[in-house]
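Here are my notes for you on this one, written as numbered points. Keep the picture open while you read.

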Amino acid sequence: MDQQPPADRDPSEEGGSPQVCYRHPDRSAGIRCTRCERPICTACMVSASVGFQCPECVRNAAGTGHHPAASRPRTLTGGTVSADPHLVTKILLAVNVAVFAAVWLTGRSWLVEDLMMLGRAWDPQPFPGAWVGVAEGQWYRLLTSVFLHEELLHIAFNMLGLWWLGGPLEAALGRIRFLALYLLSGLAGSAVTYWMSAQNQGSLGASGAVFGLLGATVVLMRRMNYDLRPALVILALNVLFSLRPGVAWQAHLGGLVAGTLIAVALVHAPRTRRIAVQCGACALVLVVTAVIVLARTAVLT
């Protein structure tokens, strides 16, 4: 997913090498600042009335009489440009790895049983036993299961997906929007699993959240007029992988749909109503998720 589309060649470059961001020489640039015309990457793109500007041009224009916030460097979706555009991605990856290591090193398999996504099942321990699951009021399972993995190969694939997709998305969306996208995609994946799978069928893993990032990547690439074929091929392969026995395809489906819808609102929200549209889309996904959970709980209880 790190393949970049062919970029316009910089006349000042020799040898036909692709243009790179003038602020980040290690990143390719697919667009130019509308003021200075220097190439910039997604992390340096600041939305303007026409096209995008680089942070330096925005800062230089701060004395034009506008409110300082109007000239503050912003991402494609209106988020704040940060010094480390991959910080949230790193934190999410570290949390997933830390939870996996804690379970694996301590042998506390009961922790997985207590935190994984489970609709409703009879637990004989402790005596005399009790019903457990989301239907019994253990709502936290919908979210805690997103950070649980039992097998090394499982967490390896999910964390590779998080790293490859999360970094560019966080740089383009901003920290808060990216975190909302990740958590809501994972939550929606758990809700659809709760709705469509057997009540005593447990599931866990960050796959739903990663599928949400994959859907958002397709939306962002389309917005940037990038070549969608690599992303669509990877999406198709992941969908085929979801059909294998033992894979919680319901989580993949829920995360993909939620992530795509949220990304559409984040990327295509009109500038004058950006915050309202973006917050409204996230709230809508959260409400639909809650309705699914409540409806399924009513059926099981």
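1. Let's begin with a tryptophan. Trp122 has 47% relative accessibility, so it counts as partly exposed (buried means under 20% relative accessible area, exposed over 50%, partly exposed in between, with a 1.4 Å probe and protein chains only). Trp131, at 39%, counts as partly exposed too. These two residues form an edge-to-face aromatic pair, 5.6 Å centre to centre and with 75° between the planes. For the terms: rings of Phe, Tyr and Trp (its six-membered ring) pair if their centres lie within 6.5 Å, and planes under 30 degrees apart count as stacked, over 60 as edge-to-face and the rest as tilted. How many aromatic pairs does a search of the whole structure find? It finds 1.

2. A word on where this comes from. This is a predicted model, in which local features need pLDDT of at least 70 and side-chain atom pairs count only at pLDDT 80 or more, while totals for chains, interfaces and linings use all residues. Residues are numbered from 1 along each chain as its sequence is written, and side-chain values use heavy atoms, with hydrogens and water left out.

3. Now the overall picture. The protein has 10 helices and 6 strands; these are DSSP runs numbered from the N terminus (helices are H or I, at least four residues; strands are E, at least two). Of its 301 residues, 45% count as buried. Take contacts (heavy atoms within 4.5 Å) between residues at least 6 apart in sequence: 64% of them join residues at least 24 apart.

4. On to helix H6 (residues 175-196) and helix H9 (residues 249-268), whose axes come within 7 Å and cross at roughly 145°. Axes here are lines fitted to C-alpha atoms, for helices over the stretch in contact, and angles run from 0 to 180 degrees between N-to-C directions. Residues making the contact include Leu184, Ala188 and Val192 of H6 and Gly255, Ala258 and Ile262 of H9. They divide into 10 nonpolar, 7 polar and 1 charged; Ala, Val, Leu, Ile, Met, Phe, Trp, Tyr, Cys and Pro count as nonpolar, Asp, Glu, Lys and Arg as charged, and the others, Gly among them, as polar.

5. H9 also packs with helix H7 (residues 207-223), at an angle of about 35° and with the axes 7 Å apart. This crossing is right-handed as well. Among the residues that meet are Phe211 and Gly215 in H7 and Gly259 and Ala263 in H9. By class, the contact has 9 nonpolar, 9 polar and 1 charged residues.

6. What about H7 and helix H5 (residues 152-173)? Their axes come within 9 Å and cross at roughly 35°, and H5 passes H7 in a left-handed crossing. The contact includes Leu162 and Leu165 of H5 and Leu213 and Leu214 of H7. Its residues divide into 9 nonpolar, 6 polar and no charged.

7. Val112, found in helix H3 (residues 109-115), has 2% relative accessibility, so it counts as buried. Not counting residues up to four places away in sequence, Val112 touches Val103, Leu148, Glu150 and Leu204. Leaving aside neighbours within four places in sequence, Thr297 is in contact with Ala135, Trp139 and Tyr194.

Notes. Left-handed = near helix turned anticlockwise from the far one by under 90°.
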